[in-house]
Amino acid sequence: MTKTKRTHPLGLLDHLAKSVKNWWPLLIIILAQSQSWWGKLLIPAAILIFVVWPLISWWSISYRITPTALEFHSGILVRHHEHIPYARIQTVQRKQWFYLAPFHLEEVSVETASHEDGKPEVRLAAVTPDVAALIEHYRQAANATSSDNSVDSAEPATTPAVQASYALTTRPRWQFVLTSTGFIPILLVALGIYGKLPHNLIERLGSDLAHLSGLFLIIGGLAIAVAAWLFTVVMLLIRYFHFRATRTGDQIQVAKGLFQRNTITVPLQRIQAVRFKQNVFRQWIAIQTTQLLLASHAAAEDNNDDLVLLPAVTLQQSYADLQPFVDWTPATPPDLSDLSVTNGRRWLLVRNALLIALVPVAIATWFWPTWNALFDIALVIAFGQGLFAANNTGGSLVGHKLLVLRTGHWWTRETYLVPLAKIQSVRLHQSIWMKRTHLMHLTVNVRHGNRNQAITLRYLTAEQAESIYDWYRTNAI
Amino acid sequence: MSQTQHPLPNRIKLIWGISAIGSLLVLLVVTGLFWLAQTYWDWAAWLTVTMLVIAIGEPIIETALIPYRYRFTRYMISDTAVEMQAGFIFKKRVAIPIARVQNVTLNAGPLLQWRKLSKVTVATASTTHTIEGLELATAEQLRDQIMRLAREARHDQN
């Protein structure tokens, strides 16, 4: 397939959808003003935007898959020519909308580690599956030749056997979707809107019902909470439909989704770090989510750009289930007490959390003294959060090449497994007051999506923090 | 960490001093605008007074802190890593292995050029770190060293 090709004509739908997404107000104006003369005047413009422009932009996109590089040409007024050597590819993502399935077509996106924001370097709206397969084939061949220079490595990689696989079974699936915290932002927005409504509503109900207004408020709030939660559950069920992770050779493939089947392929050596994440609900039922931190945006639709590898695994099984996928991780949970915050130092984290909460609470109490009791709950929560952070701070070196760090923020417990080769820099931080008590903050920087992920362990002893700093300084060559 | 810690070149103090004067001028101009707004549009007088206090106070504090800023800023370049240290009240220390460096940028405004100094920014795949001023020769030497090591060390990682 070394000839320059265009995407399938059905790719037009994608360009059309983009035009509609950007220019839908124009459609509404035309419909609303269909009687007036200037509404009619807009119709040629609409034809240009919704018919001609998608046609030309579809026409302008072409690609070529050569044995050495992937070429991608796009742009109407300004032509872009993208030239990507296979060894530079971070992720290959395939998305298949249900309407493309009968035609055996899919969307293919290819990303490199370049800092270019937001969108993938190559996006082919509708191509046959053999395009992704061919890119994958060349990419594996390129990596095989760069990693070892033996004679037989030039031989194209035959499809290797599946080394590990994971499918989301019924019980973990329900555990996963029912314990998501994704509904909280939706809930806050909905409650904000709701807070504006009841005044008029209750006034209209009349004074005889006024004594029930508090009850109405609470029931309404609860109903909104349940609705937001159900909405998230349904969304997650759709998004994680038929979730499947497999490892073949040196790459991991994750596929999921009902209406849009989303398949992401990542070479093992492109993984920046692994993270176990456990929100407050999942702590109650002792499951956690395993995510891969990547240097690309392919997983932007997942939770904070991380590719979810194992959605719901019990705490005891986490390491054992991860190891077949990622070789450099330990098979059993390591002891993380080397970098812990104990005894007197826990108070420091509690104190900081209280100080942060104290200012808004003081201001709120000043303005609304009658609600004081309610605001004091914030202090109790802050106290608990400080204790939670202290109890969950942990970390240790596993062998000479892997650092494991655990933090607790906002009632979420996160454990990072970071290989030495992927740590970009390490920072120590010590204030003048911490000098006296021999304490230090340690920050480990890792690439995450297109930005930096700073993993900070606070109030370690100076010896603990410096031992990691020195380990990094002397070993990272 | 103690073997070859370098302070920044002494001349950087002069440049910090000049930039404090620069802040003074800018802030005085802003204060002038507030005063004009007060006379013509009846803005509150306390705004102008506050601005004047800031305009005079900020450069004084900035100037007063220069000796400390200078004394507690250190950098170290070895064969394998760049380290930077700054601050006394909040002391920060960062290690960047040369193998992780993606690019080095030398950057010099008119003042730094005049004193033959250069700002050096070291970028990794995720973070950037800046040394505020280095001798031009040292800066170029650092850049060349990093680029040479980067060529040797990069086994197509990342």
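**View 1. Two salt bridges are counted between chain A and chain B.** A salt bridge here is a side-chain nitrogen of Lys or Arg within 4 Å of a carboxyl oxygen of Asp or Glu. One of them joins the side chains of B:Glu83 and A:Arg473, at 3.4 Å from N to O. The model is predicted: local features need pLDDT of at least 70, side-chain atom pairs count only at pLDDT 80 or more, and totals for chains, interfaces and linings use all residues. Residues are numbered from 1 along each chain as its sequence is written, chains are lettered from A and ligands numbered from 1 in the order written, and side-chain values use heavy atoms, with hydrogens and water left out.

**View 2. Chain A and chain B bury about 2600 Å² between them.** Carbon and sulfur atoms carry 46% of that area. Buried area is the accessible area (1.4 Å probe) that two parts lose on being put together, summed over both. On the chain A side, A:Gln424, A:Tyr469 and A:Arg473 lose the most area to chain B, together 23% of what that side buries. The contact (heavy atoms within 4.5 Å) takes 33 residues from chain A and 25 residues from chain B.

**View 3. Polar contacts link 15 residue pairs between chain A and chain B, both residues at pLDDT 80 or more.** A polar contact is a pair of N or O atoms within 3.5 Å; within protein, one must be able to donate a hydrogen and the other to accept it, and residues adjacent in sequence count only if both atoms are side-chain atoms. On chain A, the side touching chain B draws at least two residues from each of β18, α12 (432-437), β19 (439-448), β20 (451-461) and α13 (462-475). Helices (H or I, at least four residues) and strands (E, at least two) are DSSP runs, numbered from the N terminus. β18(A) gives the largest share of this side, 9 residues. By class, the side has 13 nonpolar, 11 polar and 9 charged residues. Ala, Val, Leu, Ile, Met, Phe, Trp, Tyr, Cys and Pro count as nonpolar, Asp, Glu, Lys and Arg as charged, and the others, Gly among them, as polar.

**View 4. The largest cavity has a volume of about 60 Å³.** A cavity is a set of points on a 1 Å grid over the protein atoms alone where a 1.4 Å probe fits but cannot get out; lining residues have an atom within 4 Å of a point. Grid points are joined across faces, edges and corners, and a volume is the space filled by probe spheres set on the points. Among the lining residues are A:Leu10, A:Asp14, A:Trp97, A:Tyr99 and A:Glu107. α1(A) supplies the largest share, 3 residues. The lining has 7 nonpolar, 1 polar and 2 charged residues.

**View 5. The second largest cavity holds about 50 Å³ of space.** Its lining comprises A:Leu428, A:His429, A:Gln430, A:Met440, B:Lys91, B:Lys92 and B:Arg93. β18 (423-431) of chain A and β4 (90-97) of chain B each give two or more of these residues.

**View 6. A:Arg139 and A:Glu136 form a salt bridge, with the closest N and O atoms 2.8 Å apart.** The two residues are separated by about one helical turn because they lie 3 residues apart in helix α3 (residues 129-147) of chain A.

Conventions: 1 Å grid on protein atoms, 1.4 Å probe; cavity = no way out; pocket = protein on both sides within 12 Å on 5 of 7 lines; lining within 4 Å.
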